[in-house]
Amino acid sequence: MLETHAVSDSEKDFILKGVLSTIKEVVTAQQYDTWFSFLRVSSVTGNSITFVTPTSFVREWLNSHYNDLFSSAVYKVLNSSREIIFSTEEEIFSQLSVVSFSPEEALAGKRFPEENYCAPLNKYYSFDNFVVGPCNRLAHAAAIAVSESPGLAYNPLFIHGASGLGKTHLLHAINNILSSKHRLKTLYQPCERFVNHYISTIRTNSWDSFRVFYRNIDALLIDDIQAFENSQGSREEFFHTFNTLYNAKKQIVITSDCPPESIATLEDRLISRFKWGLLCSIDNTTRETRIAIAEKKASLWGINLSHEAASYLAENVTGSIRELEGAIARLSREEKLTKNSITLDRIRKIVCELSANRKYISIETVIRAVSERFNVRVSQLQSRCRTRSLALPRQIAMHLSRKLTKMSLMEIGGYLGGRDHSTVIHADEKITKMSKKRQKPYYYASEA
Ligand code: ADP
Ligand code: MG
């Protein structure tokens, strides 16, 4: 029955009950409560069965300790074997993917031999699911314009901004419209994959198929182009790909965590080409935008989140949108497990736990990293010496220590040349401002 029709929720429940009752016979009650009682079945296919685990830790544990037990329990219930997959809810959510090549091509089996180099796309990263606010209005409008008139509106479109602010989301949204509405042959490619593909092509010497792969398309969407920084050969290859596509009026969209001139090793000829089109940034989200995003994500995850609760989350989870999403995923999981709707009190506790779990690093690690990056000695950073060549690295160390360590302003100042708390606040504000402008972001600056 399973190969021929989609498995309904009640069939999944039936399978889960069968599997769990077999498992119950061979594990202790305590083991059962700890590892198995919260499991759900998310999908069953002819080849595999996916169990949803509450955390990635449980996923790892079940995988390494109980995979065989699950295989035999599933066999007993379904009368045939299945690959056992454990996955957290977030992973399942982010893996719901579609393929970017046209349906005709996929049906005809005419996929490119390099299909392994195609990144999966997330169908939830649509324009409908993207919340527009002052921080991303221009980037969003440009993305819509490109989706409506590929190759004509802005070419290339270059979107830059810090991590977790929606660049990849917009890129997928453009890709999905270009391939589904305009029927274009699109290629969404994280830059890192381009570099890997380039390196493996050096090994196989299969340049013809590499070039056909990238040039025989209607739109190229390259994500996180700052990853080109350390690979001159792939930048060179990308330059020629860019020229070919641009001359043929094919749409090119690029994202980066900083503007092109701040990517340390990017050649001027590439920087100037990126400026032929439109360059726009996504800035940090405002409170109102975060509230709207929290509400949007909650409705996607199917949980009831009052406006008050969304405001509380938006005010207290202020890092990247990814963190906000993590908090909502956790609420959704709890709501499903307990079958109770989430109270504001519970949200407060979760937010506290999330911030307590945030990984901190030691100030020594920060100072060491800064010393390596700027080629100054640790002892110089910690000295009272005020020369210009030390001032900027020391201020960066102060800024990073505020962000990444648990230390107080006084302690940070004490570690870095015996400064007082106001020096640390000044340094933090200065570097935050520089990073926002990102004309010459601090982590690329080599001179004071
Ligand atoms: P980036 O590529 O800039 O690092 P992503 O596009 O991966 O960031 O976004 C991180 C997460 O935050 C994604 O799940 C995305 O859907 C979500 N997100 C970011 N900005 C928005 C927005 N404006 N509206 C809705 N979701 C957003
Ligand atoms: Mg991204």
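Of the 448 residues in the chain, 48% count as buried. The model is a predicted one. Show it as a cartoon first: the chain has 20 helices and ten strands.

**Stop 1: helices 8 and 9**

Select residues 191–204, which form helix 8, and residues 207–215, which form helix 9. How do the two helices run relative to each other, roughly parallel or roughly antiparallel? The angle between them is about 155°, and their axes lie 9 Å apart. Angles over 145 degrees count as roughly antiparallel, and helix 8 and helix 9 are therefore roughly antiparallel.

Show the side chains where the pair meets. On the helix 8 side, pick F194, H197, Y198, T201 and I202; on the helix 9 side, pick W207, F210, F213 and Y214. Sorted by class, this contact has seven nonpolar residues, two polar ones and no charged ones.

**Stop 2: E237**

Move to E237, in helix 10. Is E237 buried or exposed? Its relative accessibility is 6%, and buried means under 20%, so E237 counts as buried. Leaving out residues up to four places away in sequence, E237 touches F194, Y198, W207, F210, R211 and R215. F194 and Y198 were already picked in helix 8, and W207 and F210 in helix 9.

**Stop 3: the largest nonpolar core**

In soluble globular proteins, nonpolar side chains tend to be buried together. Here the largest nonpolar core has 27 residues. Select L220, I225, F238, I254 and F274, the members that touch the most other members. Which elements give two or more residues to this core? They are helix 8, helix 9, strand 8 (219–223), helix 10 (232–247), strand 9 (251–256) and helix 11 (268–274).

Centre the view on F274. Not counting residues up to four places away in sequence, F274 touches P156, F158, I225, F238, F242, I254, P260, L266 and L279. I225, F238 and I254 are also on the list of core members with the most contacts to other members.

**Stop 4**

Select C191 and C280. C191 has a relative accessible area of 0% and is buried. C280, at 2% relative accessibility, counts as buried too. How many disulfides does a search of the whole structure find? The search finds zero.

Definitions and conventions
Residues numbered from 1 in each chain as written. Chains lettered and ligands numbered in written order. Predicted model: local features only at pLDDT ≥ 70, side-chain atom pairs only at ≥ 80, totals over all residues. Heavy atoms only, no water. Disulfide = S-S within 2.5 Å. Buried < 20%, exposed > 50% of the residue type's maximum accessible area, 1.4 Å probe, protein only. Axes fitted to C-alpha atoms, helices over the stretch in contact; angles between N-to-C directions. Helix = DSSP H or I, 4+ residues; strand = E, 2+ residues; numbered from the N terminus. Parallel < 35°, antiparallel > 145°, perpendicular 65-115°, else oblique. Contact = heavy atoms within 4.5 Å. Nonpolar A, V, L, I, M, F, W, Y, C, P; charged D, E, K, R; others polar. Core = buried A, V, L, I, M, F, W, Y, C linked by side-chain atoms within 4.5 Å.
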